[in-house]
Amino acid sequence: MRVAVVGSGPAGAYAAAALARSGEAAVDVLDRLPCPYGLVRYGVAPDHEKIKSISTTLQRVFEDPAVRFVGNVEVGADVSLAELGRYYDAVVLSTGAATDRRLGVEGEDLPGSFSATEFVSWYCGHPDGRIDAFGLEARSVAVIGVGNVAVDVTRILARPADELRRTDVPDNVLQVLERSRVEDVHVFGRRGPAQAKFTTKELRELGELTDTDVLVDPADLVLDEAAAQLVAEKPALRRNLDVLQAWADRTPAGRSRRLHLRFWQRPVAVLGDRRVCGLRLERTRVDATGSTVGTGETSTVEAQMVLRSVGYRGVPVPGAPFDVQQGRIPQERGRVLRDGEPVPGLYVAGWIKRGPTGVIGTNKSDANETVASLLEDAPSLPPAPESDPDAVLALLAERGVEVVLWSGWCAIEEAEIAQGRALGRERAKIVERAELLRAATAAPRT
Ligand code: NAP
């Protein structure tokens, strides 16, 4: 059978791997970008080289003869989902969670207030972002949310730029980070430290920043009975609390940057007239029912830049069902549901299936479940009318779509390595889509 997987991030790659392993399918992995790997390339922070090295495993998937990378093709724009049905017996949607959750407070859209997604896209060199989106002239930055993305953006803001030279961070980003005026980063959790979403390994890295004092108010770490019980039951939470307590006990060393980690503070308004100048917060507490509620006690913090790091959100794929409330495609064991009934031949994997949670490896079991459903259904799926693998490429060429195949991606990699070398670095990411496409065509397309 022929299967199209839409999205080449971890979920899409693991789905393609499972399909190839079955020996029953030839797989095209379509991506709207000319580059594969989704959030591994455009979400994992440049200094997390170990996590990024997962791309080596994913690379092997795309090198499997049963798998073909078809980049720079947007399903819903260049080709519709219905049209894919002409060329493929089944389609797996693994489009991730491409946008951010809204905060829902006044001033959220003031210039200087950004979603963490925008900042991550910028420092990862995502071709959709503006290359000059960030100047880092702010002295004080407020980060809202205490998940791993908040930790990532905080670390990139506080880390000496020189330490990023060895990474593949785009050169324009490196230059801005070198000129950064950021001195204070304030991170706010709306609940207590026992409810924070970050993981200990990521949290610890903040304490290892060479030129930053981490400041924690010991009063924020006092646990009520329920939180104390939660911490006693979950060793990971105990480890987080221990790290935070050690920082609360530490005397600041007078370093040039300060990271203020605050809990029990919920954002009420982003302040500013024509651009951001601060953030108003309300102190929270746990009430008798165990819910976190506002105390009415407000405070403001000066900030010339606000990063809202309150989670990602899935966006609909034109032609596929979508649960707006959840920001996900309705499904059961990976089978897409419309009005509660499976849509024949349509499947879903990854964040667009289960929501933006879990680590990269979580997508493996997630994709395997989806592929198991697909293979179970395979005998009863009607075959696609057009079985020639080149027919879909012919259609795209007719429409003027500059498809980037695997050889094109390899040429982009070579160009990035050459560009890095010219700058005295191992590799530097190419950012602009036009430049990526130019680099891709430097190799013969096979
Ligand atoms: P997340 O883990 O869901 O964290 C979101 C944070 O935003 C939470 O602290 C949440 O607080 C807070 N929040 C939500 N709505 C808010 C509001 N209206 N006001 C204030 N705070 C609000 O999401 P994420 O950080 O975007 O991470 C997404 C996934 O990627 C996670 O699974 C994460 O572990 C993973 N990731 C992993 C790594 C890594 O392994 N190194 C790096 C980056 C991301 P509440 O809990 O109170 O809702």
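These legends go with a set of close-up views of a predicted model.

Residues count from 1 along each chain as its sequence is written, and side-chain values use heavy atoms, with hydrogens and water left out. Because the model is predicted, local features need pLDDT of at least 70 and side-chain atom pairs count only at pLDDT 80 or more, while totals for chains, interfaces and linings use all residues.

**View 1. Helix H1 crosses helix H13.** Helices here are DSSP runs of H or I with at least four residues, strands are runs of E with at least two, and both are numbered from the N terminus. The axes of H1 (residues 10-22) and H13 (residues 362-377) come within 8 Å and cross at roughly 45°. That makes the pair oblique: angles under 35 degrees count as roughly parallel, over 145 as roughly antiparallel, 65 to 115 as roughly perpendicular and the rest as oblique. Axes are lines fitted to C-alpha atoms, for helices over the stretch in contact, and angles run from 0 to 180 degrees between N-to-C directions. The crossing is right-handed, that is, the near helix is turned clockwise from the far one by less than a right angle. On the H1 side, the contact (heavy atoms within 4.5 Å) includes Pro-10, Tyr-14 and Leu-19. Among the H13 residues that take part are Asn-363, Val-371 and Leu-375. By class, the contact has 10 nonpolar, 3 polar and 2 charged residues.

**View 2. Helix H11 packs with H9 and with H10.** H9 (residues 200-207) and H11 (residues 235-249) pack at an angle of about 10°, with axes 10 Å apart, which means they are roughly parallel. Leu-203 and Leu-206 are among the H9 residues in this contact, and Val-243 and Trp-247 are among those of H11. The contact of H9 with H11 holds 6 nonpolar, 3 polar and 2 charged residues. H10 (residues 225-233) meets H11 at about 110°, with axes 5 Å apart, so these two are roughly perpendicular. Here Leu-230, Val-231 and Glu-233 of H10 touch Pro-235, Leu-237, Arg-238 and Leu-241 of H11. This time the classes are 5 nonpolar, no polar and 2 charged.

**View 3. Six strands line up in an open parallel sheet.** The order is E6-E14-E7-E8-E10-E9. E6 (113-115) and E9 (212-216) are the edge strands, each pairing on one side only. Going from one strand to the next, the twist averages 20°. Asp-213 sits opposite Arg-258 in E10. Helix H7 (residues 148-158) lies across E7 (140-144), E8 (184-188), E9, E10 and E14 (305-308), running at about 165° to E7.

**View 4. Three antiparallel strands make another open sheet.** The order is E11-E12-E13, with E11 (265-272) and E13 (292-302) at the edges. Twist averages 25° from one strand to the next. E11 and E12 (residues 276-286) share 7 bridges, and Val-270 stands opposite Leu-279 in E12. Between E12 and E13 there are 8 antiparallel bridges, with Arg-280 opposite Thr-300 in E13. These two strands form a hairpin with 5 residues between them, and Gly-290 in the turn has a positive phi of about 95°.

**View 5. Strand E18 pairs with E4 and with E17.** E4 (residues 90-93) runs parallel to E18 (residues 341-348) over 3 bridges, and Leu-93 faces Val-348 in E18. E17 (residues 335-338) is antiparallel to E18, again with 3 bridges; Arg-335 has Tyr-347 as its bridge partner. Their hairpin has 2 residues between the strands, and Asp-339 takes a positive phi near 50°.

**View 6. Tyr-312 and Trp-351 form an aromatic pair.** The count of aromatic pairs comes to 11, where rings of Phe, Tyr and Trp (its six-membered ring) pair if their centres lie within 6.5 Å. The Tyr-312 and Trp-351 ring centres are 5.3 Å apart and the planes are at 45°, so this pair is tilted; planes under 30 degrees apart count as stacked, over 60 as edge-to-face and the rest as tilted. Tyr-312 is in strand E15 (residues 312-313) and Trp-351 in helix H12 (residues 351-354), so the pair ties together parts 39 residues apart in sequence.

Conventions
Nonpolar A, V, L, I, M, F, W, Y, C, P; charged D, E, K, R; others polar. Pairing = 2+ DSSP bridges.
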